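Colleague: I would like to learn how to read a model of this kind feature by feature, with the general idea before the particular case. Could we begin with what it takes to call a residue buried?

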Amino acid sequence: QGHATAWAMLASNELGIPIEDIEVIHGDTDLIPTGGGTMGSRSLQSGGSAVTVASQATVAEGREVAARLLEAGVEDVVLDTDRGVFHVAGVPTVTKSWSDVAADSGDDGLIVARDFTIDGPSFPFGAHIAVVDIDTETGEVRLERLIAVDDAGRIINPLLVEGQRHGGIAQGAAQALYEQMVYDEDGNPMTSTFAEYGIVSAAELPTFELVAQETPTPNNPLGAKGIGESGTIGSTPAVHNAVIDGLAHLGVRHIDMPCTPERVWRAITDAGV
């Protein structure tokens, strides 16, 4: 999901520390006793905001230590994020690094802990359009095109957003066309391995046509919204509706998901074609 990359980017931007020098540790309750995990497309807008406000608080505390080392007033000390050093405003040649600040902050170094609570929900939006080709003789459905507009609020890392969207769209299309758990009459699963389960691969998918949309939300300091589930929300009904629309002229009005060749063929046959 790219959590470590995105959070390290946010910390690097606030602290002026190279991203390769930042280690992200999460999910360890010995170090962080509170948290709710990743869910609800909230890792950036909630977790990322927590990283941001904690980084900003770290800068504030770092300025106080640097002011003492530079023998200056706190209000006169600035952080040069391009170099990752503190200095008195107007005197960029005399500096104190984060290492200097940490060394003067006690045996444990500089430690800052912050919680972040979102003020309210964000409302991303999107639109997905699917084009399918249906073989009415065999019932096979081929996804030919999928065009997706997904609003993510402020985008921090475009590559991660694109990856989330590609994965979500693939998952949603697979739900519409391939993936299902099948049981025999005694309740035993018949699709318990990938040898029987209809998992999708790149061979069954077209190149997705993605349109990016950024509409920042005021409910967190990043302006970020969720993107992790957007692909699955839009693609599944788009692909399923495309199949029904492609067969509407034959009298087909509904097919249970997934639209497997057998189900599509039976729907055509039952319609009297």
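Modeller: A residue is called buried when its relative accessible area is under 20%, and exposed when that area is over 50%. Please keep in mind throughout that what we are reading is a predicted model.

Colleague: With that cut-off in hand, is Ser55 buried or exposed?

Modeller: Ser55, which lies in helix H2, has a relative accessibility of 5% and therefore counts as buried. Its side chain has a polar atom 2.7 Å from the backbone oxygen of Val51, and, once neighbours within four places in sequence are set aside, Ser55 is in contact with Ala11, Glu14 and Leu15.

Colleague: And how should I classify Asp119, buried or exposed?

Modeller: Asp119 has a relative accessible area of 69%, so this residue is exposed. Asp119 belongs to the loop between helix H3 (98-103) and strand E4 (126-134), and its C-alpha atom is separated by 8.9 Å from that of Pro218, although the two residues are 99 apart along the chain.

Colleague: Let us turn to sheets. What is the general idea about side chains in a regular strand?

Modeller: In a regular strand, side chains alternate between the two faces of the sheet.

Colleague: How many bridges join E1 and strand E2, and what sits in the turn of their hairpin?

Modeller: E1 and strand E2 (residues 85-88) are paired antiparallel over four bridges, one of the pairs being Val77 with Val88 of E2. The hairpin has four residues between the strands, and Gly84 in the turn takes a positive phi of about 70 degrees. On to the next hairpin: E2 and E3 also pair in the antiparallel sense over four bridges, Val88 stands opposite Val91 in E3, and, with two residues between the strands, Gly90 has a positive phi near 90 degrees.

Colleague: What is the order of the strands in the open sheet that contains E4?

Modeller: The order is E4-E5-E6, and the pairing of these three strands is mixed. E4 and strand E6 (209-213) each have a single partner strand, so one side of each is left without a neighbour in the sheet. E4 pairs with strand E5 (residues 141-151) in the antiparallel sense over nine bridges, Val132 standing opposite Leu143 in E5, while H5 lies across E4 and E5 at about 40 degrees to E4.

Colleague: Finally, what describes two packed helices?

Modeller: The angle between the axes and the distance between them describe such a pair. For helix H4 (residues 158-177) and helix H5 (residues 230-247), the axes come within 7 Å and cross at roughly 35 degrees, in a right-handed crossing. Residues in the contact include Gly168, Ile169 and Gly172 of H4 and Ser235, Val239 and Val243 of H5, and the contact residues divide into six nonpolar, nine polar and one charged.

How values were computed. Residues numbered from 1 in each chain as written. Predicted model: local features only at pLDDT ≥ 70, side-chain atom pairs only at ≥ 80, totals over all residues. Heavy atoms only, no water. Pairing = 2+ DSSP bridges. Buried < 20%, exposed > 50% of the residue type's maximum accessible area, 1.4 Å probe, protein only. Polar contact = N/O pair within 3.5 Å; in protein donor to acceptor, adjacent residues only side chain to side chain. Contact = heavy atoms within 4.5 Å. Axes fitted to C-alpha atoms, helices over the stretch in contact; angles between N-to-C directions. Left-handed = near helix turned anticlockwise from the far one by under 90°. Nonpolar A, V, L, I, M, F, W, Y, C, P; charged D, E, K, R; others polar.
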